[in-house]
Each structure stands twice: as C-alpha cells, then as structure tokens.
Amino acid sequence: MRQAVAAQQMLGADWGVSADVWSATSWTELRRDALACESWNMLHPSAEARVPYVTSALSGAEGPLVAVSDWIRAVPDQITR
C-alpha cells in the first residue's frame, strides 16, 4: 500500500496526473460477492440484476485501473472478470 501511495504522489508531483488509491481488505471476498451476483443473475433473469460491490464502487472511476497486491499477480486477477 505504501508503494501505491508513493506512486500516486509521484504521478501528481512529477507529471501532474491525479490518481486514486483504494484498499481491498479481501480479494477473496470481492470475488465471492461477484460470483454470488453472477449466480443470482443467471438464476433470476426476470429480477433486477445484482451488481458486485467492486463494480458499483468503481463505476464512476475513469480508467485505467491497476490492481496491485503484495502477493502474486493472480490475487487481484480473481476479480478481473
């Protein structure tokens, strides 16, 4: 997280590019929520579609979006879809 904040500050100071930094406390829970929404939507096609939290939280964010973790790259890739 410190490196992401440092990169955010560097982008602003050196290149005038603003960036938001978000913290994900559990990539696994974000994935579970997304899969639950996907399952609900497939099983209830006539009901109002459920939207995963990460989708709604980032819906107004302009891209590009970059996910980082101190673990392997596969961790943030859990929610790519």
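1. Start with the fold. From the N terminus on, the elements of the protein run α-α-α-α. That makes four helices and zero strands. Please keep in mind that this is a predicted model.

2. Next, the overall form. The box tells its own part of the story. Taken along the principal axes, the C-alpha atoms fill roughly 50 × 25 × 15 Å.

3. Burial and surface come next. How many of the 81 residues count as buried? The figure is 9%. The accessible surface of the protein comes to about 6,900 Å². Carbon and sulfur atoms account for 56% of that surface.

4. Now the contacts along the chain. Take those between residues at least 6 apart in sequence. Of these contacts, 39% join residues at least 24 apart.

5. Helix H1 deserves a check of its length. H1 covers residues 2-15, which is 14 residues. At 1.5 Å a residue, H1 should span 20 Å; its end C-alpha atoms are 19 Å apart, which agrees. What follows H1? The next residue is Gly16, and its phi is positive, near 65 degrees.

6. Look at Gln3 within H1. Gln3 has its place in this helix. Is Gln3 buried or exposed? Its relative accessibility is 65%, and since exposed means over 50%, Gln3 counts as exposed. Val68 is 65 residues away from Gln3 in sequence, yet the two C-alpha atoms are 9.7 Å apart in space.

7. Ala7 also belongs to helix H1. Its relative accessibility is 37%, so Ala7 counts as partly exposed. Where does Val21 stand relative to Ala7? The two are 14 residues apart in sequence and 9.6 Å apart in space, C-alpha to C-alpha.

8. Last, the aromatic side chains. How many aromatic pairs does a search of the whole structure find? It finds zero. The charged end of Arg50 sits over the ring of Trp40, 3.6 Å from the ring centre.

9. To recap for a first look at the model: the protein has four helices and zero strands. On the side-chain level, begin with Arg50 and Trp40, where the charged end of Arg50 sits over the ring.

Terms used: Residues numbered from 1 in each chain as written. Predicted model: local features only at pLDDT ≥ 70, side-chain atom pairs only at ≥ 80, totals over all residues. Heavy atoms only, no water. Phe/Tyr/Trp six-rings, centres within 6.5 Å; stacked < 30°, edge-to-face > 60°. Lys NZ or Arg CZ within 6 Å of the ring centre and 35° of its normal. Helix = DSSP H or I, 4+ residues; strand = E, 2+ residues; numbered from the N terminus. Buried < 20%, exposed > 50% of the residue type's maximum accessible area, 1.4 Å probe, protein only. Contact = heavy atoms within 4.5 Å. Areas by Shrake-Rupley, 256 points an atom, 1.4 Å probe, with all protein chains shown as cover. Expected span 1.5 Å × (residues − 1).
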